[in-house]
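Me: Hi! I've got a protein model open and I'd like to walk through it with you. Can we start with the strands and see where that takes us?

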Amino acid sequence: MHRIMWGNRPAVVAIGILVLAAVRLSADGGSPGPLAQTCGVPPAVAASAALPQFPPGQYPVKLPPVSLLGARNDLPNPFRPGVSWGQLPEGRKWGSTASIAIAPDGKLWVVDRCGASGAGGTTCGGANAGVNPIFQFEPSGKLLKSFGAGMFVSPHKLSVDKEGNLWLADNGGHQVFKLSQDGKVLMTLGKKGMAGSGLDEFEAPTDVAIAPNGDIFVGDGHNGGGAAIGNARIMKFDKDGKFIQMWGRKGMGVGEFDVIHTLAFDSQGRLFVGDRQNNRVQIFDQNGKFIAQWFQFGRPSGIYIDKNDVIYVADSESRDGRTNTGQFALSQTGYGYNLGAERGIRIGSAKDGSVKYFIPDPCPYPYAAGSSMAEGITADFEGNVYGADFLGDVRKFVKK
């Protein structure tokens, strides 16, 4: 076994070529990065082929129809296999990304870590300081514009408000930015390079959601998954950036969090919080009053809710301790565990929590690394789904 690091994420992977052979994600278009089709097994590791592997579909342990926490694995998939999407400038390939968002005009916005692989840290520093991380596309994948070089430390998620303004959480720089569609900075919250728990500070903020009245909600933060460190709170500000309130702390109870990874509002103005390390979505009113918790959508890395309250939840991390060698080679406790849940995109209703469809991760179980398939999720006005992958790709799923 080899332990490798992408950013601040450890990934213990089996050595072998099975994963590469078992899934061939389409690369006919788009700009996939070098890890995009590896399922988390880098080619240099896979090529050594030092340990035996089970052929595709023959691993003796099968995922159940429903996970231990109630996430369905057996729902119909009404989409064709995902294809790489988004034509970047010549020579530019996708780095790790957790974010894709649709704007009110139907254009799509994507942010990656300046072409680098990893999370947090300084992915947009050093040799990548001159690389643009923010892109606007047509649904066809045609690039319209890009900008943002030198502005961020390591961008995480980007959202678009009803006026078309961009909101970006820089979890490497511990700041939140409001930007025009031309990249002009309209507002900054937090202190650059200074992690903290004060009312004017963040520690690795992950996402921003804007309420109908313009109030700003920030998920804070990404650090310390499965540990007793790091911020775990929702920060609320008015439209001018004045602090209003916060709620949450580290824990597993109602109103507690562990790695708030994604935020979204439904048509009723309820705030949906992807409480990723707790393998659930929590729902609150805008004053922080708890409404419900849902485990049936899996481990949420990304949430998108459209105008009809169709909810899309991307699960890019659910795993257990197994590897394809048949060994319990991954740690039996800690980060990423959601036993019996298949990775993929679950689609249902934000009104009643029903789950109707499932786009499964084409990477074979048991999963080799900490993340695969979509971390960021959105859908266009035609109902096509787009996933932004930590392994360096953006994929489009078209209805059958």
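Predicted model: local features only at pLDDT ≥ 70, side-chain atom pairs only at ≥ 80, totals over all residues.

Me: Which residue in E26 is the bridge partner of Gly387?
Reply: That would be Arg395.

Me: And how many residues lie between E25 and E26 in the hairpin?
Reply: Three residues sit between the two strands of that hairpin. In the turn you'll find Gly392, which has a positive phi of about 100°.

Me: Which strands make up the open sheet, and in what order?
Reply: Four strands form it, in the order E3-E26-E25-E24, with antiparallel pairing. At the edges are strand E3 (83–84) and strand E24 (374–379), and each of these pairs on one side only.

Me: What holds strands together in a sheet, in general?
Reply: Strands pair through backbone hydrogen bonds, and the pairing can be parallel or antiparallel.

Me: How many bridges join E3 to E26?
Reply: Two bridges join E3 to strand E26 (residues 393–397), and these strands run antiparallel. Val83 is the residue opposite Lys396 in E26.

Me: Is E26 largely enclosed or open, and why?
Reply: Five of the five residues of E26 are buried, so the strand is largely enclosed by the rest of the structure.

Me: Which way do the residues of E26 point?
Reply: Asp393, Arg395 and Phe397 point one way, while Val394 and Lys396 point the other way, and all are buried.

Me: Let's zoom out. What does the secondary structure of the chain come to?
Reply: The chain has two helices and 26 strands. It has 400 residues, and 60% of them count as buried.

Me: What share of the contacts comes from residues 24 or more positions apart?
Reply: Taking the contacts with a separation of 6 or more, residues 24 or more positions apart account for 56%.

Me: Now the inside. Which residues have the most contacts within the largest nonpolar core?
Reply: They are Trp85, Ile345, Ile359 and Val385, in a core of 25 residues. Several elements give two or more residues to this core, including strand E21 (310–315), E22, E24, E25 and E26. A second, separate core has 15 residues, among them Ala264, Val281, Ala292 and Ile305.

Me: Tell me about Ile345. Where is its place?
Reply: Ile345 belongs to strand E22 (residues 344–349). Ile345 is buried, with a relative accessible area of 0%. Leaving aside neighbours within four places in sequence, its contacts include Val313, Ile359, Val385 and Phe397. The C-alpha atoms of Ile345 and Asp315 are separated by 6.0 Å, although these residues are 30 apart along the chain.

Me: You mentioned Val313. Is Val313 buried or exposed?
Reply: Buried, with a relative accessible area of 0%. Val313 has its place in strand E21. Beyond its neighbours within four places in sequence, Val313 is in contact with residues including Phe297, Pro300, Gly344 and Ile345.

Me: Changing topic: how many aromatic pairs does the count come to?
Reply: The count comes to 20 aromatic pairs. In one of them, the rings of Phe217 and Phe265 have centres 5.3 Å apart and planes at 80°, so the pair is edge-to-face. Phe217 lies in strand E13 (residues 216–220) and Phe265 in strand E16 (residues 260–265), so this pair ties together parts that are 48 residues apart in sequence.

Me: Are Phe217 and Phe265 buried or exposed?
Reply: Phe217 is buried, and Phe265 is too. Both belong to a cluster linked by ring pairs, along with Trp247, Phe257, Phe284 and Phe290.

Me: Last one! Which residue lies over the face of Tyr335?
Reply: Arg299 does, at 5.0 Å from the ring centre.

Methods: Residues numbered from 1 in each chain as written. Heavy atoms only, no water. Buried < 20%, exposed > 50% of the residue type's maximum accessible area, 1.4 Å probe, protein only. Contact = heavy atoms within 4.5 Å. Phe/Tyr/Trp six-rings, centres within 6.5 Å; stacked < 30°, edge-to-face > 60°. Lys NZ or Arg CZ within 6 Å of the ring centre and 35° of its normal. Pairing = 2+ DSSP bridges. Core = buried A, V, L, I, M, F, W, Y, C linked by side-chain atoms within 4.5 Å.
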